[in-house]
Amino acid sequence: MQLHVTDYLIIAAYFAFVIAVGFLIKKKIHTSNDFLNSSRSIPLWITSLAFISANLGAQEVLGMVASGAKYGIMTVHFYWVGAIFAMVFLGIFMMPFYYGSKARSVPEYLFLRFDEKTRALNAVTFAVMTVFSSGISLYALAKLLEVILHWDFNLSILIAAGIVMAYTFLGGLTSAVYNEVLQFFLIVLGLSPLVIVALQDAGGWDNIKTQLAPQFTHAWKYLGDTADNPMGIHYSSLLFGLGFVMSFGYWCTDFLVVQRAMIARNLNSARQTPIMAAIPKLFMPLIVVLPGVIAITLMHPSLAAKGYSIPQAADGGRDYTMTLPSLIAHYYPNGLLGVGITALIASFMSGMAGNVTAFNSVFTYDIYQAYIAKGKPDRHYLFIGKFITVAGVLFSIGTAYIAKSFNNINDFLQLVFSFVNGPLFATFLLGMFWKRTTSHGAFSGLLGGTIAAAITHGLTIAEGKGGWISPAFTIGSGMAQAFIVAGVSWIANFVITIIVSLFTTPKPDEALKGLVYSLTPKAATEEKLVWWKRPAPIGWLLIGLTLLLNWIFF
Amino acid sequence: MSSNKLTNLSPIIGIFFLITGAILIAGYFTDPASAKPINLYAGSGFALFGLLMCFGGKLLKRGA
């Protein structure tokens with residue numbers, strides 16, 4: 001791939017604009033609440049696009065295209081089974097508690113609902129996870145630019161980290177959120193021409209269905225037996241592991257995305273945020289799954305004349321991660337090539353900035369203010385918030401180099417994250433909807449769920465991974481193994497939390513108002529709004545549309 | 001924080017896409033390596049989207 005002056009101009013314009021957004025917002029930042037929480041002043045269309053964009057990092061964009069090539073149309077389950085239902089659930093049922101409780105973060109909600117130890121466990125694991133995720137994003141960006149453009153690895157790290165640091169330091173969360181919106185449009189508009197041109201080249205969807213094995217073009221038909229589909233998964237573990245545990249765990253409890261809804265102007269906007277975000281999310285497979293399916297079609301012998309192939313990995317197999325960059329290189333001339341590269345850079349920087357802003361909020365509110373320095377003047381917390389932003393970026397740079405030195409650290413960290421995140425949704429579900437749930441129950445359930453996840457991973461083996469206790473069960477694919485580990489950890493957390501809660505004393509009802517469903521009066525104002533301004537009708541409409549799409553691609 | 005002014009950043013996003021569209025269109029006419037019709041189409045699309053982001057809000061307000 002050889003960039004020309006047109007490409008460099010587009011990349012330079014993008015860098016200049018993201019920093020300019022930081023400078024424009026800097027003038028309006030006066031308090032720690034402005035910097036870390038956007039003073040809950042962001043309009044609905046911005047929070048909705050930021051909500052979806054915070055998840056549209058590089059791992060998502062490159063990873064989903066790669067999965068599209070590896071598993072075919074089944075990859076849409078991450079959207080049409082996973083994301084949409086969880087986003088609608090968050091908007092309708094959970095946001096009233098996050099927003100209405102006036103908590104500034106997800107760990108702070110845990111403090112209000114349960115106690116300090118549950119908050120501390122969640123805050124510390126979240127802070128560590130975000131720094132590592134941010135560093136891994138940075139490493140992956142520099143590695144990609146090194147491979148496809150032969151840019152210097154160290155220079156790429158410094159430039160990308162420097163730009164993210166500049167705009168998050170200047171404008172805090174608001175700056176990150178506005179840049180996420182810019183990044184969202186850039187990714188969607190930057191990759192749309194690729195989908196159109198490549199789809200035309202592959203002969204359209206009808207030809208794709210003719211060329212590929214039916215397992216690659218049906219989402220559900222081959223899920224009755226693990227041996228019948230490329231993902232090696234049964235529909236039951238897909239529905240429970242991905243559709244319920246993993247998706248709800250991520251979309252409903254991960255502060256990185258929930259934070260975008262928590263900064264909306266009012267409760268109704270906060271509830272509408274994930275639901276409005278679900279509308280573009282429903283169609284996102286067109287941008288991030290379809291290119292992978294097209295790529296694998298283009299490798300069919302009948303389309304050999306097109307001259308496209310997925311690059312080879314070091315072990316001689318296909319390097320699916322490089323599917324999207326290779327499609328960009330194949331179809332985009334100079335000019336659009338710059339747009340495509342900028343879209344990739346934007347997705348990496350979006351992921352990193354999202355992690356840094358979530359990290360600085362949790363560190364400042366849930367660790368520093370809670371345990372290190374209580375009751376200081378606001379300007380002190382503003383200073384700490386800014387200081388932690390810089391520290392977070394520096395930690396990320398360090399993590400990026402750790403990831404470079406230890407090949408397996410990414411896999412290891414992703415695994416640890418899944419152990420921690422998998423069971424988390426059970427804690428929130430019981431905490432919000434069963435007033436009898438106690439603090440000791442929640443804490444024991446979280447710990448027990450994490451341990452159960454580790455044990456399940458140690459007893460199962462898939463694609464050579466896991467089985468470190470004893471490889472007692474062989475599973476069809478790493479993805480299926482992840483769904484099973486998440487499912488077991490969720491059940492363990494759910495059961496342990498209930499058992500321990502029944503033997504310990506719950507908080508009095510008075511202390512749980514606004515935090516638990518049965519003790520919180522329904523907002524009367526919502527009933528006066530027209531149906532399309534209320535979260536529930538739009539949410540149900542989206543669920544209907546999602547079911548329809550699943551049926552069309554059955 | 002004066003949220004009204006702070007949150008009105010869609011023109012900035014619009015200007016970015018206007019500039020990107022202009023670069024693609026200019027590249028089509030001046031840079032031989034970029035002289036592919038797709039750059040012209042995509043550039044026009046980007047510029048149009050940029051204009052919409054810059055003035056769409058104002059037009060909607062006027063219409064209302």
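# Briefing: salt bridges, rings and surface of a predicted model

Over all chains, the count comes to 10 salt bridges (a side-chain nitrogen of Lys or Arg within 4 Å of a carboxyl oxygen of Asp or Glu). Residues are numbered from 1 along each chain as its sequence is written, chains are lettered from A and ligands numbered from 1 in the order in which they are written, and side-chain values use heavy atoms, with hydrogens and water left out.

**Salt bridges in chain A**

- A:Glu180 and A:Arg260 form a salt bridge whose closest N and O atoms are 2.6 Å apart. A:Glu180 belongs to helix α8 and A:Arg260 to helix α11 (residues 255-262), so this pair ties together parts that are 80 residues apart in sequence. Helices here are DSSP runs (H or I, at least four residues), as strands are (E, at least two), numbered from the N terminus.
- Both A:Glu180 and A:Arg260 are buried; buried means under 20% relative accessible area, exposed over 50%, and partly exposed in between (1.4 Å probe, protein chains only).
- A:Glu146 pairs with A:Lys143 in a salt bridge, the closest N and O atoms being 3.5 Å apart. Both residues lie in helix α7, 3 residues apart, about one turn of the helix. An α-helix has 3.6 residues a turn, so residues three or four places apart point the same way.
- A:Glu146 counts as partly exposed at 29% relative accessibility, and A:Lys143 counts as partly exposed at 35%.
- A:Asp509 and A:Lys435 meet through their side chains in a salt bridge (3.2 Å, N to O). The pair links distant parts of the chain, 74 residues apart: A:Asp509 is in the loop between α21 and α22, and A:Lys435 is in the loop between α19 (424-433) and α20.
- A:Asp509 is partly exposed, with a relative accessible area of 37%, and A:Lys435 is partly exposed at 35% relative accessibility.
- Salt bridges that share partners join A:Glu116, A:Arg119 and A:Asp366 into one network.

- A:Pro506 touches A:Lys435, A:Arg436 and A:Thr438, not counting residues up to four places away in sequence; contact means heavy atoms within 4.5 Å.
- A:Phe503 lies in the loop between α21 and α22 (535-552) and is exposed, with a relative accessible area of 71%.

- Helix α10 (residues 235-253) of chain A has a kink of about 35°, centred on A:Ser247. The bend at a residue is the angle between axes fitted to the seven residues ending there and the seven starting there.
- The buried residues of α10(A) include A:Ser247, A:Phe248 and A:Trp251.
- A:His457 is found in helix α20 (residues 439-459) and is buried, with a relative accessible area of 6%. Among the residues that A:His457 touches are A:Phe419, A:Trp468 and A:Gln481.

**Aromatic cluster**

- Ring pairs link a cluster in chain A that includes A:Phe240, A:Phe248, A:Trp490 and A:Tyr517.

**Chain B**

- Chain B has 3 helices and 0 strands, and 41% of its 64 residues count as buried.
- Its accessible surface comes to about 3,600 Å², of which 68% belongs to carbon and sulfur atoms; areas come from the Shrake-Rupley method with a 1.4 Å probe, and for residues only the protein chains shown count as cover.

Conventions: This is a predicted model: local features need pLDDT of at least 70, side-chain atom pairs count only at pLDDT 80 or more; totals for chains, interfaces and linings use all residues. Rings of Phe, Tyr and Trp (its six-membered ring) pair if their centres lie within 6.5 Å; planes under 30 degrees apart count as stacked, over 60 as edge-to-face and the rest as tilted.
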